Amino acid sequence: MPEKHDSTESRVTENALEARLPTKTMSINMGPSHPASHGTVRFNIELDGETIVKLDPEIGFLHRGFEKSCENVTWQQCLPYTDRLNYVSALCNNFGFLTAIEKLAGIEIPERAKYIRTIGAEMHRLCDHLTCTAAMGMELGGFAPFLYGMEARELLWDRIAELTGARVTTSYGRIGGVEKDLPEGWVQKVKDTLVKVEEFRQEIDQLLTLNRLFIDRTRDTGVISAEDAVDFGFTGPMLRASGVPYDVRKAHPYWVYDRVEFKVPIGTRGDNFDRYYIRMQEMVESISIINQCFEQMEPGPHIIEDWRYVMPPKPQVYSTIEGVIGHFKLVMEGVKIPKGEVYSYTESPNGELGWYLVSDGSGRPYKVHCRAPGIQLVSGLEHMVKGSMLPDLIPTFDAINMIGGEVEQ
Amino acid sequence: MSVEQLQRIAERFPDAVVEGYTLHGDETLVIKRENLVEVAQFCKNEPGLEFKLPLSVTCVDYIDEKPRFELVYTLYSITTGHHLRLKVRVPEEDPVAPSTIGVWRGMDWWERYCWDMYGIRFSGRGPMRRLWMYEEFEGFPLRKDYPLRGRQPLIPEADVRDIYRGPGPGPGSPPASRSNPPRPSQLPIVK
Amino acid sequence: MTDEKKPSLPSGRDEATPGGSAPGIEKGPTTTPPADVAQRPGGEAKPATAVPNVAPASPAAQMQANPGMVNVTIDGIPVAVPPGTPIIEAAKAAGVNIPFYCYHAGLSIAANCRMCLVETSNSPPGKLVPSCQVPVAEGQKVTTNSPRVKEQQRAVQEFLLLHHPVDCSICDQAGECKLQDYYMEHDFRPSRFDMPKWMKNKRKDLSESITLDQERCIMCTRCVRFMAEVAKEPVLGAFGRGQREVIDVFPGKKMTSNYQGNVVDLCPVGALTSKDFRFRARAYFLTATPSVCTGCARGCNTFLDHFQGVPYRYRPRENMDVNQYWMCDIGRRSYHELYEERVSTARVGNARVAPAEAVRVAAEKLKGGPVAVVVSPVLSLEDALAVMLLAREGLGAREIFLSGRADGEGDDFLLRPDRNPNRKGVELAAQAFGLTVRGWNDLGKTKAKSVLLAGVEVPVADDQFASWLGNVDAVVALASNDTPVARAAHVVLPLATHAETEGTFVNFEGRAQRFLPAYPGRDDVMAGWYWATAIGAELGLAYRYASAREVWVEQSKRLPAGALGDFDWDKTPRNRLKGVTPLPGGTVDGRPAGWRQLVPLKTPTSAA
């Protein structure tokens, strides 16, 4: 007499015939060109169904030999290379690098230059956060917020182009200050632009922040605890999303960050939504910082006058021997930074951008190491999405905001 | 960052510390290779030091000096707000250093970068993989004796059966040789 | 750059117990230390005045420790130097570089530039003393970096630049100009001068090879002193006073000395320029390779300045035993033959062939019948050794004939009548292999059917010898320049000059001097030892050499013992000086900044 199966019994007992289906994980390759990945990264993913068992990001498609190139050119010629590291916020890279050189050489830049650097960095921070949040919306399916973000970014780029001459690869700073002073009427234009940018930001906010689809995709996905985030070396919005209140601008103020008032948003759950929302709030703070800088700025020199570090002005180069010697030596041999090493750090939109410079006293760097915040973020990606579904990878990777230029240098 | 913290580490590991100094406001500790992991753990776990945030590992190639390579670890403590730099010298003949990914997982990719760019192996973490360059790359690019525009040999195309790809190496085609890889137009179309 | 350097211990620590007590952690200065203290980056966090292993002893103890020497302290660094040394030299021994213009170790002391003024403890109160002129005194304390001295250096620099023409963009000296260097180091301020600059003669011909720009001159009088003391032809003088002062030749005189080229090197600014080099290259593009002049048998040490495989000039390198600080004009101009009319491809008849083919044909031609081996003493020692090896064992010769350039006029300073750099070396090589050395005149009497010319420099007219060669059955020539002699040869193998390979020249005193390769040769150019080995391999010899060093290591054992004194092949002159060269475009194999690595010469095994 066969056993009677209790209809409420759902578990199959061991001695009952059961077909054990062999399963294996599926390896798929989310290849270097993929519309949903920010930049060229290759993911070797092992999936069990739709759960990610293993994730191995493979980078290096944009490696251009930044460090090696820097070792072969003069200090000033390194500056365009730094533009192309985090190309979405080039001014932050420029100024971070120059701050490190100035720390090594013991130079104090004039006040106005500090304000200009802060304004530039915050404007490019706005650009970077706009790119990240807008792209996050786009990769989760909403194209409209992306276009709003791009439009806002275009407006900002127009202002940056008026200031520096280029939208993205600015090469604006110089050792000892900035290249040129603010153009006429630029301040008012920027204030108007920021009003527009705030409008766009609110549009994106209204489209995404309370959006059911967006919240479902980003809430509680890509979670990382504070302790793990610190252990992985996360910095920036990723770290703050997990609740760790570390922002270089507040912890070790540089330029004029100790004179402007701004808040640093801290997350609670360490998920993608927090990261997105922190970026949205940081944009508000950036706009406020820029406006405060405009109020506090005084007229003054925008670069120091020391011709060991700064190119003499052209009228003097063509008419005085001192000018032509200074110009000549600086161009041909490079700025002679005293021997030594330094580690200097600023808060870039993605985290703490560190610069480790070694100088051997000649006009060329001996070693330029850029501690890109993105590297550790991408290395922690596996930890964040392991065990989640494949679609959770998308918002997580967006929230990391990996910029290929800085991660792969 | 205070000199007292450096001195605490130095007192705890008198044999490990070779030198300590401050330069341009950065505290630096030069330690010996063998003691790297225990010093790292002490720095991370000791209350008052708590260097829990690993910022980076990089390597500097002092080609004219012996030992040649210098690994530079940059750490940060969120609770105390201090940066610390640990330096370890690694000789050229034996470019191995103990791995610190047991202490901080964030050092993983930076150690891969040191291997990729300088050839420094890290013990205790399985075979080293390149980070930025492709695996078949020969040499270590950031070493000072690697030329700026060095040439690399051509990598033979891997034999991949891909039904969507069309002309390529297929059954019956000659093996791809290093010096003379077959051009796609020369090979029969494999259906 | 230091070589054997372990991570250095902080000063003040007990060296006997490394790590025994808690090591002292130091807070170094946060100001920038002097850039010329040669330590690795980060090392100068220790105070610049600390010296690791010398504790300042009491004066009595010091005097006992260094008998016969004078003890001085320069910027806190104690040094002991022979009595009579000027402070500036003592400072160099301590690693402190005091700036100067008019001082030169090989000339008398003028002390007119006032750039080297320093503070000393025993100077008259309130006065600075010129360190080039003042000899050291026992227990003297010299300060070169006090604010007063720094202001003095800045002020002198500013004065020198007052009427200096704005010529950097067209001046030859740019890149190696002391005014530029010291301006950036000591006076980096803008100009305060708002009057028109004083104008003088800008292109005065002092001779056919030297041009004087009187505006650029800073009146250091180095050239005047040189011509009077070293060249022994006192035709230059300083005329006028104040800002009208100029250097000029005495009326009716011209510079004719064979050593006038040295004033161009001496001049710290671009006032004296060599017409041969003018406007041809920028100094910071040039790499300086230590080399030896091949103009005569003295073998003055030189720097060969080259760029992208082309030599641009010779500069003398200091060697107190051979040429002190100078070289003659004949040697200076000899760089032209390094690149003019070169043979760069192997030829059989008039047709260019592959090197391996040419070697094969050469070996065939030399195989039958007696061969007259003619060796030019312009070949390096290693080339000569390989050729002798080939002659002895491959060709069965018993004698070699010495060719070379004809003798000229010597003088009583540097120039030797023998215009070949390596006669002694070739003779020693022949002796090593038991080959008799025959003179040039004996060559006419040989009954040889074929001739092997190792080097085509002949003491008679080229055409005359070329027509003599027409009577010989087979001529194989290792030629670097495409002379009529080379064109008369049946097989020509392109020979590398001393700029393209490394080796040794033995000068007339028996002094062996090493030279380094500057750039790889064009096309198929290879060194003499390479061709000799290749021909020998074709003839069945078993020797294979991949570098000049291998030739030396194996064959130098045959040289008579003690012939070259305590010569060490591996002890090469100071490595090539780095130019501030931007990366030359068009190179396939780039080089890291400052490191001039050569694409390695092809090995003999690739010939066969």
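This briefing describes a predicted model of a complex, going from its confidence scores to its domains, chain contacts and strands.

The model is predicted, and local features are described where pLDDT is at least 70, side-chain atom pairs count only at pLDDT 80 or more, and totals for chains, interfaces and linings use all residues. Residues are numbered from 1 along each chain as its sequence is written, while chains are lettered from A and ligands numbered from 1 in the order in which they are written. The model scores ipTM 0.87 and pTM 0.80.

**Confidence in chain C**

- Chain A is divided into domain 1, residues 26-57, and domain 2, residues 65-408, with bounds that come from an automatic or database domain assignment.
- The centres of domain 1 and domain 2 of chain A, taken over C-alpha atoms, are separated by 28 Å.
- Where the two domains of chain A touch, 13 residues of domain 1 are in contact with 19 residues of domain 2.
- On the domain 1 side of this contact, the elements that give two or more residues are β2 (42-48) and β3 (51-58) of chain A; here helices (H or I, at least four residues) and strands (E, at least two) are DSSP runs, numbered from the N terminus.
- The largest share of that side, four residues, comes from β3(A).
- Sorted by class, the side of domain 1 of chain A that touches domain 2 has seven nonpolar, five polar and one charged residues, where Ala, Val, Leu, Ile, Met, Phe, Trp, Tyr, Cys and Pro count as nonpolar, Asp, Glu, Lys and Arg as charged, and the others, Gly among them, as polar.

- In the contact between chain A and chain B, 31 residues of chain A meet 27 residues of chain B.
- The elements of chain A that give two or more residues to the side touching chain B include α1 (66-71), α3 (90-105) and β8 (365-371).
- By class, this side of chain A has twelve nonpolar, ten polar and nine charged residues.
- The contact between chain A and chain C takes 30 residues from chain A and 25 residues from chain C.
- On the side of chain A that touches chain C, the elements giving two or more residues are α12 (314-319), α13 (321-332), β6 and β7 of chain A, and α13(A) gives the most, with nine residues.
- By class, the side of chain A that touches chain C has ten nonpolar, ten polar and ten charged residues.

**Chain B and its strands**

- Chain B has three helices and seven strands, and read along the sequence they follow the pattern α-β-β-α-β-β-β-β-α-β.
- Of the 191 residues of chain B, 42% count as buried; a residue is buried if 20 or more other C-beta atoms lie within 10 Å of its own, exposed if 12 or fewer, and partly exposed in between, with C-beta atoms placed from the backbone.
- Strand β3 (residues 53-61) of chain B is mostly covered, since nine of its nine residues are buried.
- β3(B) and strand β4 (residues 69-77) of chain B pair in the antiparallel sense over eight bridges, where two strands pair if DSSP finds at least two bridges between them.
- Within this pair, B:Val57 stands opposite B:Tyr73 in β4(B).

**A sheet and a loop in chain C**

- Three strands of chain C form an open sheet in the order β12-β13-β14, with antiparallel pairing.
- The edge strands are β12 (287-292) and β14 (310-316) of chain C, each of which pairs on one side only.
- β12(C) and strand β13 (residues 301-307) of chain C pair over six bridges, and C:Ser291 stands opposite C:Thr302 in β13(C).
- C:Gly95 lies in the loop between α2 (87-94) and β4 (117-120) of chain C, and C:Gly95 counts as partly exposed because it has 15 C-beta neighbours inside 10 Å.

Terms used
Two residues are in contact if their C-beta atoms, placed from the backbone, lie within 7 Å.
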